[in-house]
Amino acid sequence: EVYQPSNQTRTGIPHQLQFQTAPNTGRGAFGGNQSGKTQCGTFEDAFAFTGVYPDWYPERLRIPTPNVGRIIVKDMPHSVSEVIEPALMKAIPGRYIKERKTNNKGYLSKLISVTGSRLDIVTHDMDTKALEGWQGHWAHFDEPPPRDKWVATLRGLVRNSGRWWLTCTPLDEPWMYDEIYTNPEHFVINIDMRDNPYLTEKAIETFEASLTA
């Protein structure tokens with residue numbers, strides 16, 4: 001089941017619209033470089049964190065605030081500072097952020113909203129047992145997670161019947177093929193670079209020319 005709101009142009013990319021309005025508990029956006037997959041996830045993060053949804057977003061799928069969310073990334077130096085943090089700051093208006101916290105190395109690790117919602121950022125290299133000790137309402141996996149981190153996070157969503165979404169280029173973690181990609185319980189969509197209207201064909205061809213077979 002995929003909702004098709006009439007005002008589709010507001011989302012920019014049709015594939016993102018399908019992803020954002022799918023009613024499944026688990027959703028996956030698989031795509032290549034610059035395809036827009038991370039934006040799929042960070043806009044979901046922003047909707048849940050602020051409690052502010054666009055009018056085309058199905059009412060019954062909106063997560064009430066305050067809530068607790070988690071973003072799971074590969075590492076702090078690259079995944080947080082160069083990818084997730086800039087994307088979140090574009091998606092979340094500053095007036096909705098009450099407090100931001102960093103870890104002892106200065107990387108963003110937590111956001112607290114004016115409504116009391118909390119967003120935590122954790123990494124693949126953290127101890128799995130530490131990731132199990134939480135109760136949340138939603139989770140966003142950006143890039144393929146190790147299976148133990150995936151299970152640990154899902155465990156924390158059980159009490160609240162929480163939802164999760166995955167945005168990635170599936171170059172590793174082959175367990176995802178059977179448990180996520182081909183699992184009919186989950187909504188999965190493939191996004192190509194050419195589905196991103198903000199990239200020119202010349203830029204795409206230049207990138208493709210740098211690739212080996």
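# Reading a predicted model: a dialogue

Colleague: Glu173 counts as partly exposed, at 23% relative accessibility. Which cut-offs define that class?

Modeller: Buried means under 20% relative accessible area, exposed means over 50%, and partly exposed lies in between, with a 1.4 Å probe and protein chains only. This is a predicted model, in which local features need pLDDT of at least 70 and side-chain atom pairs count only at pLDDT 80 or more, while totals for chains, interfaces and linings use all residues. Residues are numbered from 1 along each chain as its sequence is written, and side-chain values use heavy atoms, with hydrogens and water left out.

Colleague: Where does Glu173 lie, and what is its phi?

Modeller: Glu173 belongs to the loop between strand E7 (163-168) and helix H6 (175-181). Helices (H or I, at least four residues) and strands (E, at least two) are DSSP runs, numbered from the N terminus. The phi of Glu173 is near 55°, a positive value in a residue other than glycine. Glu143 also has a positive phi, near 80°, and is not a glycine. Glu143 sits in the loop between strand E6 (138-142) and helix H5 (147-155), and its relative accessibility of 23% makes it partly exposed.

Colleague: How many helices and strands are there, and what share of the chain is buried?

Modeller: The protein chain has seven helices and eight strands. Of its 213 residues, 48% are buried. A contact means heavy atoms within 4.5 Å. Among contacts between residues at least 6 apart in sequence, 63% join residues at least 24 apart.

Colleague: Why is H2 described as largely enclosed?

Modeller: Twelve of its 14 residues are buried, so H2 is largely enclosed by the rest of the structure. Among these buried residues are Lys37, Gly41, Glu44, Asp45 and Phe47. Thr38, another residue of H2, is buried with a relative accessible area of 9%. Leaving out residues up to four places away in sequence, Thr38 touches Val83, Ile84, Ala87, His140, Asp142 and Thr167.

Colleague: What describes the packing of two helices?

Modeller: Two packed helices are described by the angle between their axes and the distance between the axes. Axes are lines fitted to C-alpha atoms, for helices over the stretch in contact, and angles run from 0 to 180 degrees between N-to-C directions. The axes of helix H1 (residues 14-21) and H2 come within 10 Å and cross at roughly 45°. That makes H1 oblique to H2; angles under 35 degrees count as roughly parallel, over 145 as roughly antiparallel, 65 to 115 as roughly perpendicular and the rest as oblique.

Colleague: Is the crossing left-handed or right-handed, and which residues meet?

Modeller: A crossing is left-handed if the near helix is turned anticlockwise from the far one by less than a right angle, and right-handed if clockwise. The crossing of H1 and H2 is right-handed. On the H1 side, Gln16, Phe19 and Gln20 take part, meeting Gln39, Cys40, Gly41, Phe43, Glu44 and Phe47 of H2.

Colleague: How many disulfides are there?

Modeller: A disulfide is a pair of cysteine sulfur atoms within 2.5 Å. By this rule the count is zero. Cys40 is buried at 0% relative accessibility, and Cys168 is buried with a relative accessible area of 0%.

Colleague: Which residues does a cis peptide bond join?

Modeller: Such a bond joins Thr65 and Pro66, with omega about 0°. Pro66 is placed in the loop between H2 and strand E2 (68-73).

Colleague: Where is Gln135, and which residues does it touch?

Modeller: Gln135 lies in the loop between helix H4 (128-132) and E6 and is partly exposed at 38% relative accessibility. Not counting residues up to four places away in sequence, Gln135 touches Val68, Gly156, Arg159 and Asn160. Gln135 and Asn160 are 25 residues apart along the chain, with their C-alpha atoms separated by 7.7 Å.
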